[in-house]
Amino acid sequence: MRPRRRTAGAVATAAAVLASALGVSAAGEAGAAEPEKLVIDLATDTGAFHGGASGSLYGIYGDGAPSRNLIEGMNLRTVSTKAQDGPQHPGADALEILPPFVDSGGKDVYIYMTDIYRGFPYEWPGADGPARLADFKEKLKKQVQQVLTMGDYKDNVVYVPFNEPEGNMFGTGKWSYNGVSWRTNPGPFFEAWKEAYHLIKDLDPNARIAGPNTSTLYNEVKGFLQYAKANDVVPEVMTWHELSNPAVVRTNVAKYRQWEKEVGISPLPINVNEYGHNYHLSVPGQVVQWVSAIEESKIDADLAYWNIDGNLNDSAVEANKGNGQWWLFNAYGQMSGHTVEVTAPHPNQQYTLQGVATLDKDKKQSRAIFGGKSGDADVVFKNTDPKLFGTKVRATVQEIPWTGQVGDSAQPLRLADQEVTVGEDGTVTLPMTGMNEMSAYQVILSPGGNGGEPAGPSVGWRKSYEAENATYTGSGYTKNGPEGTPSDVGKFATSGNYNVGGLRTGSDGSLAFDVEVPKDGTYDLSVFANSFNQFDRVKEQGPTNVFLRVDGKDPQELRMPLGYKWVVWGHTDTTVKLTAGKHRITLAAKDPDLGVTKGDAIIDKVDLALRDENVTRPAIYEAEYATLTGTKPGYTHPGASGPGAVPLPKGDSATFWVHSPADGEATVSLDHLGGGRAEVALNGEKLDLPGAGADTKGTDVTRMFLSGGINKITVTGTSGELVVDRLRVSPSSGNLVTKVHQAEDGELSGAAKATEAYTFATGGKAVTDIGNGKENALTVDVDAERAGRHAVTIRYSNAEQAPATHYNPDPIARHADLSVNGEAARRVLFPTTFHFNDFRELTVPVTLKKGTNRIRFTAEELPDFDGTTYNQYDQRSPYAPVIDRITVTPLAEK
């Protein structure tokens, strides 16, 4: 029987219900309403998988912000960014991000050539239109000449001469060419396009040019195509923006393709290089609806830039962590083969259940990602080919939850892993119950009947409690909202649409959540909250501190996450011990034992989850679900844990994207079935280990240092054909010798000095004023017990922010030049922490000799591309971050 239908709020046991429901037939209870169905027809091929939805506008600040792991693991395909040395925003300079992006697997960097000007609309100088265009053409020439110095990287550049010309250079405003929109009188824009096109092509005959880059696909774009064809200036890539909804993506791509036929132009690649709104970004269940439309249309598209650059458009957290949106794109990017037809219950309607699916016949694997609906639905796979899958399939079902814009997310939750019998008609039906519209979901189908016992879920009992439904006592209460909604997409998504304020300086407020839990145990508690870093009360201390109690006992002080605007959500995590039954959990602005709140916080919800064996057992990463190079899964390996295993002949590899909640030691177990040897690399670093594997089945256990967030572990065959089963990863401690050095105990030179200004620094002290000249430095002597690669973990803060010209906050990623034992310095970028009293950790791998090593930090302002001029808007800081502590750990066990 089908489990009773439930509302979105009652998701506490959804995982358990789903796990037992996978074997249920498609028929529901007698008299029960039929659930909605997402139907995936594995026999209807809709084209090769493209992967184009994972693009970014202004998403990369520089090399390391975000990390190359985040770029590669998100399968970032295209990036649109500012002209080199453009003053629009700090960072994101085209030619500085080009090498790390391409080296991380990226395809094309689209240069917004107009972003060489300040302001928006663009403030191009000149007494009249022709004078302004002449100035712009000189700047275009310089940009192309710069690109030509980039060697082979230049082949990954696409020039975008104009951006939203109807509202900027050829619109009606103060900074327009002649005060007349090109949509009314297209002549000046068309002529400017032709001149810019020829200028670029004369300098670089192989250049690819994109345009017209309008803010939507206006009907007048057809006239642009006609002019471009008649004058032999057709762009290599057609670009426009879609800031409406996913349905318009499908409609406009079809409209544009019809124009091509009518004008007589061969089909061009398309890049919709801005898509989505604040309400959508960071929310997997929203973004998957855009992904579905974009992938179905077989185009490239870039997430819109509404907030800060360098965080992959609200996908990246700090330098190396991903939120739920990042994991959605990680799942999307691991699709392969061909897409297949997906029929949604409400086709092409936003804010309903939508999805995309693939079938890879070589891998014998089908993947589907979907979301956008709360409650229940059936996911139905039709025409499941018995020649590929057999009479049973292995179905792994995962949830990718929303964790906020600045909230780190662990790997997707495994809801179920089951063997399911294929119906006589080739149908596999998976009943999904208790879905959350903010989550996305993934199903992976593989051949069944050959693998090991299905894995248990990675989550057990859990429940969310909305702040607006909690009981508030004391002063200062505000109920804020509704926040982002389908009719107000400029605002940010918020669980339940409302949040609560009142926990602030001077308040005696208390917010009480009445909860009921099923059994005695330890529970993970996540408080979804926000403090706006530029707000007066928050500026004083940084993170707002509030006080947690359970039933009036066991007080804890928690620091709420900061954000770049109000209603930008992160989460603060802790654990509480609860007995079975009812309890009251309070968040308060005063505590008789611990003190008072400083700052101002808003609370969205609290999540409570039982920390049972589902959660505490090692995380499992099946090899057959990994990113494979040169090989494919096999499903006839006795003793495999999942549906199969992966053979690794010499040179072939399996890459696992592994999450770590913090920088530190972990135990990584490689389960294999024997057959050969392999080497292991961590984040691109080949580990100094004896070869993994053996002739017989076994497990190789290694303690290695994982960076907080996303880690890339690659296993590459070296001899024979090692059959890899899976990785198992769990936190550990005490095996890798860690040495901690307080920054203030180091050698300070020049203006660098210790300060007690930042109360949340370890021991209340940190070092500031490093940089603004190489003489202002911090030098720390560290001891290594053996020579080799080590992890240097820097606890730092950085809140420098440049003056902005419009809605984007402009935090600056400071840098430090880090040198070891006097060798050439390595430049390290440190993303914003939103306040100088809010510290984060960033790990850098270095080579140390046995004994004493000198690590030196300094900085100076970086010049423009020419090496002689400097940014005039204070967008390149001369300073390193504030440094609190340096920790040194071997990268792996010997």
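**Notes on the predicted model**

1. The model is predicted, with local features needing pLDDT of at least 70 and side-chain atom pairs counting only at pLDDT 80 or more, while totals for chains, interfaces and linings use all residues. Residues are numbered from 1 along each chain as its sequence is written, and side-chain values use heavy atoms, without hydrogens and water.

2. The packing angle between α5 (residues 187-203) and α6 (residues 221-230) is about 45°, and their axes are 11 Å apart. Axes here are lines fitted to C-alpha atoms over the stretch in contact, and angles between N-to-C directions run from 0 to 180 degrees.

3. On the α5 side, F189, F190, E191, W193 and K194 meet G223, F224 and Y227 of α6; contact means heavy atoms within 4.5 Å. By class, this contact comprises five nonpolar, one polar and two charged residues, with Gly counted as polar.

4. S297 belongs to helix α8 (residues 284-297). This residue is buried, at a relative accessible area of 14% (buried is under 20%, exposed over 50%, partly exposed in between, with a 1.4 Å probe and protein chains only). Leaving aside residues up to four places away in sequence, S297 touches V249, R250 and V253.

5. An unreviewed UniProt entry lists "domain: CBM6" at residues 463-609 and 738-889; such annotations may be inferred rather than shown by experiment. Residues 463-609 are 4% helix and 56% strand, with end C-alpha atoms 7 Å apart. Residues 738-889 are 0% helix and 45% strand, with end C-alpha atoms 5 Å apart.

Methods
Helix = DSSP H or I, 4+ residues; strand = E, 2+ residues; numbered from the N terminus.
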